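Please open the model in your viewer and keep the selection tool at hand. The tour moves from one selection to the next.

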Amino acid sequence: MLMQKEAIVRAMMAGAKGFLVKNVELSELKRSIRAVARGETVLDSQLAARLIDKLKEEPDGDSPPLLLTEQHITIAKLVARGLTNREIAEQLFLSENTIKFHVQNMMRKLDVHNRVAMVTKLIQSNML
């Protein structure tokens, strides 16, 4: 998993918008392609869970503390679970645009370019 984790993190930090396992169902592949076309980031849920577990084992003590609101952390936790902006909005009773704004704001604060990199950095900073 370490080699795969490093490859995934490198790909996402370089701007990849998705990562799926090769035995993905056709319907999931189609849904993922549409999600990426809408600007969302897609990561296989089982792979995301393993990646998050692995990242939790390797905290980065060099990162400065990040100033995020309680709402940002709540949204980031839902992003880490693989929810889309629409699903997060429905769960928090907010608009999809509000969620998109918060996610973009967090990515700007964290100096990352996608949702996976955002979650990775928050886990490494022990914020998630």
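What volume does the second largest pocket have? The second largest pocket has a volume of about 270 Å³, a volume being the space filled by probe spheres set on grid points that are joined across faces, edges and corners. This is a predicted model, in which local features need pLDDT of at least 70 and side-chain atom pairs count only at pLDDT 80 or more, while totals for chains, interfaces and linings use all residues. Residues are numbered from 1 along each chain as its sequence is written, and side-chain values use heavy atoms, with hydrogens and water left out.

Select Arg38, Gly39, Glu40, Asn85 and Lys100, which are the closest to the centre of this second largest pocket among the 15 residues that line it. A pocket here is an open set of points on a 1 Å grid over the protein atoms alone, where a 1.4 Å probe fits, with protein on both sides within 12 Å along at least five of seven lines, and lining residues have an atom within 4 Å of a point. Because domain 1 (1-57) and domain 2 (70-125) both give residues to its lining, the second largest pocket lies between them; the domain bounds come from an automatic or database domain assignment.

Next, select Thr41, Val42, Leu43, Gly82 and Leu83, which lie nearest the centre of the largest pocket, itself lined by 30 residues. About 510 Å³ of space lies in the largest pocket, and its lining draws at least three residues from each of domain 1 (1-57) and domain 2 (70-125).
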